[in-house]
Amino acid sequence: MIIRMSHFDSIEHITSDLPDSPKGQWQNWSANQKSLPNEVFQPVSTSELASFLKNYTGKLRVVGSGHSFSPLVNTCDTLVSLNQMTGLIGQDNDLQTARVMAGTPLHKLGPLLESIDQGMINLGDIDHQSIAGATATGTHGTGASLPCLSDLVKSMTLITLDGSVIECSSAHNKSLFNAARVNLGLLGIVSEIELKNRPCYQLKESIKVIPLKDALANIEQWKHDYRHVELFAFGYSDQVILKTLEITDEAPRQPKAPWISDDALLEFFCKATQKLPKLTPLVHKQIARFVKSSQRVDTSYKVFATPRTVRFTEMEYQVPAEHGPECLDKVIHQIRKNRLPALFPIEYRYVASDEIWLSPFYQRDSASISVHQYHQQPHWPLFNALEPIFDEYQGRPHWGKLHTKTGEQLATLYPQWNDFEEIRKEFDPKAQLLNPSLASIFGAEKST
Ligand SMILES: Cc1cc2nc3c(=O)[nH]c(=O)nc-3n(C[C@H](O)[C@H](O)[C@H](O)COP(=O)(O)OP(=O)(O)OC[C@H]3O[C@@H](n4cnc5c(N)ncnc54)[C@H](O)[C@@H]3O)c2cc1C
């Protein structure tokens, strides 16, 4: 169904109700990306989507849940949303696989899989993304032996611009499969995804504050000792938060709720340090006061997902895993040396390598380092000061987060870049899927 401007509000992040925004404006979660699409198309089935694409000759972008910080979705032409194409299509409990509609949001997927006694092998720290959007950018959690979500795709259905419905997997259309698992919406529109899962399981989360020097010295060992390990480091503190997740059959339990939520505290300090940046080191040095050791046990998808109510923008780079601690150390020193305004913790995770052409983890076990800025503060002064450190390690940026890499620079970071480009040009010969930002990176000369 094509929806004209006046009915946009059924799509997440369409700001028809904001007084200071033009009617029908789309914006992403953090509101750092905005655009005014001419129309929104919400298909209800693969066949409706295929016939729309076959007859459509203009430009378009497909949106998931709008949780990317980078300008992937912006369009002033047609915005396609698969938010009417959600749910479970089929399952194989012997192989532990499940086939789902591509628009399914992760927060619905968890309970759906639990109902068939399956669980996703790993997840990131929120569950608001759609499965197609999350896999299209190489979204990941943490775990040295666990790959990004795109590598958990066993097969997928791609609808191309000429209306063809193409199935691909490692056994069938293998090159396309390697290109399409991290596709940025550049090859067509994914309508169905088959996931490799595992039997439904419980996780025990443990959180504690430890000295930074211990974390830097031991994290390369701890990544082998725990299924999931993660650090939250602070520019001005000698302590870090260590978070680990382990599979358990212990009874579910929750820690005592704090008198004030972490997010309420964070928002308060964001506003305070925005006005008085000199407070940031003082806040960071008190981290052990605010974060208490805790444990909780629950079904995996409930433990993975963390509420994120304080809006921010983010830059994230993946560096070779063995250089992770050294790179994190340099990031912290750069913040201290230049008194950079960086209140949010720096997130440090591990991701296993894969064979997906545009995956930031292509053939490289990686340490993932993310820096965040409060959404009401300028982010580029912080990000620009840190990006050269990631470059020292041939860091690859997260596709859904902010970076300044050009197409030429990215091509040197991805050995299969030209192979992806070949397939992209074959599937989108008239550059219908390139918005101006993507056109500056991919095949700029073909953009119309
Ligand atoms: C608060 C927050 C926390 C986050 N945490 C993590 C994290 O823990 N780990 C991590 O790696 N990332 C994280 N991210 C980044 C996020 O996972 C990615 O940017 C993800 O791609 C967003 O998914 P989405 O459904 O919102 O897709 P969108 O942002 O809407 O789109 C992303 C890309 O997918 C494409 N796309 C969407 N649907 C389709 C489709 N059907 N067919 C083809 N292409 C499609 C779009 O065109 C676009 O190129 C976080 C982001 C936020 C805002």
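Guide: Let's start with what isn't there: between domain 1 and domain 2 the count of salt bridges is zero, a salt bridge being a side-chain nitrogen of Lys or Arg within 4 Å of a carboxyl oxygen of Asp or Glu. Keep in mind that this is a predicted model, where local features need pLDDT of at least 70, side-chain atom pairs count only at pLDDT 80 or more, and totals for chains, interfaces and linings use all residues. Residues are numbered from 1 along each chain as its sequence is written, and side-chain values use heavy atoms, with hydrogens and water left out.

What the rule does find across this interface is five residue pairs in polar contact, both at pLDDT 80 or more. A polar contact here is a pair of N or O atoms within 3.5 Å; within protein, one must be able to donate a hydrogen and the other to accept it, and residues adjacent in sequence count only if both atoms are side-chain atoms.

On the domain 1 side, helix 1 (46-55) and strand 5 (60-63) are the elements giving two or more residues; helices (H or I, at least four residues) and strands (E, at least two) are DSSP runs, numbered from the N terminus. Helix 1 gives the most, with five residues.

Stepping back, an automatic or database assignment divides the chain into domain 1 (2-81), domain 2 (88-200) and domain 3 (202-397). The contact, meaning heavy atoms within 4.5 Å, takes 14 residues from domain 1 and 17 residues from domain 2. The C-alpha centres of these two domains lie 22 Å apart.

As for area, about 1300 Å² is buried between domain 1 and domain 2, with carbon and sulfur atoms giving 70%; that is the accessible area (1.4 Å probe) that two parts lose on being put together, summed over both. In domain 1, T46, L53 and H67 lose the most area to domain 2, together 35% of what that side buries.
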